[in-house]
Amino acid sequence: MLKKRFRFTNIVNDIPLNYKFYLIYIVGVLLPIMIINLVLLGRITDLIKSREEQNLEISLERARKDIHDFIEGGVAVSYTLSTDKNLYEMLDRPYRDSIDFYGAYDEELRDRLNSYMPVNNQIERITVFTANQSIVSGGNYQAINAKIRTSGWYRQAESSSNQVVVTAYRISENSNTNSTTPMLSIIDWMDHYSSFGTYEKLSRIDLDLSEVYDIIVREKDYLSLYLVNEQNQIVMSEASGYQHVTDEPYPLFTQPEDGEQEVHILPIGTANYLKGWRIIGITQGERIAQAVLDIRLYAAVLATTVTLLTSAFIYVMLRSYNYRVKRLARHMQKVSNEKFELIRIDEGRDEIGGLIHNFNRMTSRINSLINDVYKLEIQSKNLEMERVQAELNFLQSQMNPHFLFNTLNAILVVCTKNKYDDVTDIIKSLSKLLRRLLRSKEDLVSLQEEMQFIEMYLKIEKFRFRDKFDYQFEIEEQALAYKIPKLSMQPLVENACKHGLQAIEGLGVIRIKAGVREDRLQITISDNGKGMETAKLKELLNNIRTEDSSSLNIGMRNVYRRLELYYADQVTFEMISTPDEGTAVSFGIPLKLLERIHSSGGEGKQ
């Protein structure tokens with residue numbers, strides 16, 4: 001079992017990273033979404049069908065109740081008329097003539113029936129029929145004649161054994177045509193009082209079929225409804241309409257042949273006069289199918305949206321992981337090939353970001369160690385070469401200092417006798433300058449001593465250039481006590497005189513500034529000479545900072561090299577030049593690295 005588990009783990013470990021991500025997406029995201037949607041879709045489809053079945057039952061029961069209440073309202077009016085004793089008396093009374101009848105009509109009968117109409121809006125008309133031939137037929141009161149006795153509604157009422165009859169029939173609006181209009185009426189035999197049984201009496205309440213039609217049409221979104229009487233005739237449906245004039249009788253209801261349509265039947269009521277009357281509802285199969293289709297479309301859109309959103313989210317997450325891991329793998333391969341390149345991307349703060357951060361630190365450290373060892377080897381070789389070169393230069397330039405000073409003293413005596421004052425001062429400065437060079441054994445001198453040397457050098461240069469040359473000192477008092485490498489300023493001043501001022505017309509000025517700036521001794525030598533272009537300045541700086549330096553700028557390179565040897569990378573060396581405006585060379589040394597001469601005459605580090 002343990003071997004199998006290890007074998008499975010090895011198989012997983014051997015799968016490439018991209019394929020792992022695809023498997024995670026398919027098995028962990030896409031497949032669960034599809035399964036969940038299919039299961040939920042089936043469940044929701046069943047719920048929709050159940051809900052639609054309930055809606056159908058509610059719709060059918062609502063229509064049945066409304067039609068039942070509609071008929072019962074008419075029956076209630078007919079019952080009220082059948083128990084109206086005064087109405088019986090007026091209908092049983094013999095009238096001498098029409099005037100006698102109209103008199104009784106105005107007093108008792110005119111508004112007796114119409115008073116029921118406002119509170120029963122389902123009633124279209126109320127008519128009372130009597131066999132009393134002394135009344136005048138018209139309006140709501142009619143004398144029964146042969147035409148009435150042969151009418152369809154009268155025959156249905158006469159053939160029924162019920163006191164109240166609900167009947168559907170058709171009447172002809174025009175005797176010249178066979179077209180008929182559907183009617184729904186409630187007929188009640190008025191024989192409640194035996195004492196007023198002289199004449200046959202009955203009431204007919206015609207119901208407004210438009211109300212029944214509105215009920216049926218109201219439910220058409222759920223069911224196709226049919227109002228069917230005891231003879232299985234369709235009295236009202238959505239297709240028939242309530243003002244449909246035709247010469248055809250009521251159609252018979254037949255079961256639909258389409259097996260997908262379900263038939264629901266409910267009796268209108270339990271009363272004898274409603275026996276056989278029923279409301280039939282036929283389901284609209286396309287409604288349920290449409291509802292199911294809608295939910296499936298909704299589920300498909302929802303599943304697609306969720307899939308796209310999750311896919312985009314997982315893509316972003318996995319891309320962040322995959323991209324950085326691949327970059328890390330490529331750079332590790334480069335390290336094996338001795339290419340110590342850093343990973344230049346946003347590392348992030350997760351585990352991969354931690355790996356990249358540690359890799360960059362490790363690479364930088366290895367590269368730094370390699371460079372340090374390499375630089376130390378190069379520096380040691382350069383120092384050895386410079387030492388040998390210095391010894392050679394010293395041997396080549398070695399001469400008898402007594403001969404040189406004796407010669408200068410002889411020239412000085414001659415100039416003094418002849419009163420050559422300018423030449424005398426220059427020879428004195430030159431003598432002091434040479435004496436200092438030959439006498440001083442220390443490599444570090446105070447800035448004050450270095451400035452004295454620079455001043456003697458500039459006096460000689462001023463004698464050389466005369467009125468075309470001048471110099472200015474801006475030296476802070478506190479800076480004079482700090483020690484700097486000997487001759488670290490003279491080559492820069494010499495370079496300014498040689499390359500900066502010789503090619504200009506007018507007065508050339510050299511300015512030397514020294515002061516303490518932000519815990520550094522900052523020294524600047526500037527001139528108002530011809531300056532140089534940016535490209536040439538970059539080339540000069542590159543030559544100074546590399547070993548491949550030409551003899552044209554060896555003095556400046558030696559200054560830079562000595563400062564770098566003394567103070568490593570903590571010294572700053574800068575050059576700024578503008579064509580036709582001049583050049584400024586400055587270097588800054590941290591005060592913590594400098595020795596200082598105290599006022600008591602002692603020396604020590606700051």
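This is a predicted model: local features need pLDDT of at least 70, side-chain atom pairs count only at pLDDT 80 or more; totals for chains, interfaces and linings use all residues.
Residues are numbered from 1 along each chain as its sequence is written, and side-chain values use heavy atoms, with hydrogens and water left out.

I begin with the whole protein. Its secondary structure comprises 15 helices and 18 strands; these are DSSP runs numbered from the N terminus, helices being H or I of at least four residues and strands E of at least two. Of the 606 residues, 37% are buried, meaning under 20% relative accessible area with a 1.4 Å probe, protein chains only.

Two stretches carry the UniProt annotation "transmembrane region", from an unreviewed entry: residues 21–41 and 297–318. Such annotations may be inferred rather than shown by experiment, and their positions are given in the numbering used here, with feature names shortened. In the model, residues 21–41 are 100% helix, with end C-alpha atoms 28 Å apart. Residues 297–318 are also 100% helix, and there the end C-alpha atoms lie 31 Å apart.

The largest nonpolar core has 51 residues, and Ile71 and Leu227 have the most contacts inside it. A nonpolar core here is a set of buried Ala, Val, Leu, Ile, Met, Phe, Trp, Tyr and Cys residues joined through side-chain atoms within 4.5 Å. Helix H2 (residues 17–82) supplies the largest share of this core, nine residues. Apart from this core lies another, of 43 residues, including Phe469 and Phe573.

Which strands form the open sheet of five? In order, they are S11-S13-S14-S16-S15, with mixed pairing; two strands pair if DSSP finds at least two bridges between them. Strand S11 (469–475) and strand S15 (572–578) are the edges, each pairing on one side only. Within the sheet, S14 (residues 520–527) and S16 (residues 582–590) run antiparallel and are joined by eight bridges.

Helix H12 (residues 447–465) lies across S11, S13 and S14, at about 165° to S11. Helix H13 (residues 490–501) touches S11, S13, S14 and S16, and its direction makes about 150° with that of S13. Contact means heavy atoms within 4.5 Å, and angles run from 0 to 180 degrees between N-to-C directions of axes fitted to C-alpha atoms, for helices over the stretch in contact.

Key. Buried means under 20% relative accessible area, exposed over 50%, partly exposed in between (1.4 Å probe, protein chains only).
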